[in-house]
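Hello,

Here is the structure I promised to pass on to you. Have a look at it first, and then read my notes below.

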Amino acid sequence: GGAWLINLVSACVLAEVAIKQKENSNSDVPSSFKEVAQGSLGSEHAGNAVGAISLFVNTCVLSFDLGRFGAVGASLSGLSEQVASVGVAAALVCLLTLSTETLSSVCGICVTVLFLSFGVLLIPGLAAVPDFISTFVQPGTATDSLACLAHTAPIILMSMIFQNIVPTVTKILDYDRIRTVSALVLGSSIPLASYLAWCFACMGGGIDVGTLGLSASGVLMTVFSIATLSGSSLCSGISLAEELETFFHEKADEKSLSDARGSFQLATALAAVLLPVV
């Protein structure tokens, strides 16, 4: 809950910065951390530093996504994990050359499939919890709180990755403050509630992950995994492309960028995906 609140407040701050820049200018505000930071702090060095951090974080996330895609793809197709990962990377390059609106629609499809598959798994699991009250108030079994925090740290850090897409979401929603804040609140609170409900169902005995196997629930888990990895890969790829676009075309005029209709050039898309692949 604390991580969610920190993420939400910082995301709203990022969105507000982009909206203020839009209100104070006659042109479209760039949706990359590098240019948002450079415009706010008035320093090219600060913009480059922030852009480099964003590139590093998104590269790590997309590398993880492609690796997990390889493992899932290998188990389904019989191909090697490396071949499966490269195949997904090639598909991602093609997707990144599409318009921003199309990419947003593809992400929406991923989210819909994610929630449908997850809901079919979760709802019966919650119903199978024998005693809600006893499960909820049962104390933890760990004796070392610091060790528990260490186990939780990766989850908290990964939950902060959605910040990377905030400037792009603000741009897609035409810098409308109400729509943007609503998207951030709903977009961050629904996964939090879903995650807590999943933990509750598993610890309460309603779901036994170890016995899913090749059952119908196991198939749904695979669909859920693919949808999750697809959405994460797209968002990380978009963020990488946004940052690289500013480095590749820093001297380009506004008209040449707007002619792209929100899509990324092939060279940008290739660099955004090849960096994590390497």
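Let me start with a word you will need: a residue is called buried if its relative accessible area is under 20%, exposed if over 50%, and partly exposed in between (1.4 Å probe, protein chains only). By that rule Tyr175 is buried, because its relative accessible area is 9%.

Two notes on where the numbers come from. This is a predicted model, in which local features need pLDDT of at least 70 and side-chain atom pairs count only at pLDDT 80 or more, while totals for chains, interfaces and linings use all residues. Residues are numbered from 1 along each chain as its sequence is written, and side-chain values use heavy atoms, with hydrogens and water left out.

**The whole protein**

The protein has 12 helices and 0 strands; helices (H or I, at least four residues) and strands (E, at least two) are DSSP runs, numbered from the N terminus. Of its 278 residues, 36% count as buried. A contact means heavy atoms within 4.5 Å. Among the contacts with a separation of 6 or more, 76% are between residues 24 or more positions apart.

Tyr175 sits in the loop between H8 and H9. Its phi is positive, about 60°, although Tyr175 is not a glycine. Asp174 is found in that loop too, between helix H8 (166-172) and H9, and has a positive phi as well, near 55°. Is Asp174 buried or exposed? Asp174 counts as exposed, because its relative accessibility is 57%.

**How helices pack**

For this part, axes are lines fitted to C-alpha atoms, for helices over the stretch in contact, and angles run from 0 to 180 degrees between N-to-C directions. Angles under 35 degrees count as roughly parallel, over 145 as roughly antiparallel, 65 to 115 as roughly perpendicular and the rest as oblique.

Take helix H1 (residues 2-23) and helix H9 (residues 177-203): their axes come within 10 Å and cross at roughly 160°. H1 and H9 are therefore roughly antiparallel to each other. On the H1 side the contact includes Trp4, Leu8 and Ala11, and on the H9 side it includes Val181, Leu184 and Leu192. The residues of this contact divide into 10 nonpolar, 3 polar and 4 charged. Here Ala, Val, Leu, Ile, Met, Phe, Trp, Tyr, Cys and Pro count as nonpolar, Asp, Glu, Lys and Arg as charged, and the others, Gly among them, as polar.

H1 also packs with helix H2 (residues 33-41), at an angle of about 65° and with the axes 11 Å apart. H1 and H2 are therefore roughly perpendicular to each other. Leu14, Val17 and Gln21 of H1 make this contact with Phe33, Val36, Gly39 and Ser40 of H2. The count there is 4 nonpolar, 3 polar and no charged.

How do H3 and H12 lie to each other? Their axes are 8 Å apart, at an angle of about 70°, so H3 and H12 are roughly perpendicular. Thr59, Leu62, Ser63 and Leu66 in H3 meet Ala272, Leu275, Pro276 and Val277 in H12.

**The nonpolar cores**

In soluble globular proteins, nonpolar side chains tend to be buried together. A nonpolar core is a set of buried Ala, Val, Leu, Ile, Met, Phe, Trp, Tyr and Cys residues joined through side-chain atoms within 4.5 Å. The largest one here has 19 residues, and those with the most contacts inside it are Leu92, Leu96, Leu103, Ile238, Ala272 and Val273. Helices H3 (44-77), H4 (81-96), H5 (100-127), H10 (216-248) and H12 (266-277) each give it two or more residues. The largest share, 5 residues, comes from H10. Apart from this core lies another, of 11 residues, including Phe118 and Ile207.

Leu234 lies in helix H10 and counts as buried, because its relative accessibility is 3%. Beyond four places in sequence, Leu234 touches Leu92, Leu95, Leu103, Val106 and Cys107.

**A glycine in a loop**

Finally, find Gly206 in the loop between H9 and H10. Leaving aside neighbours within four places, Gly206 is in contact with Gly125, Ala128, Val129 and Ala201.

Enjoy exploring!
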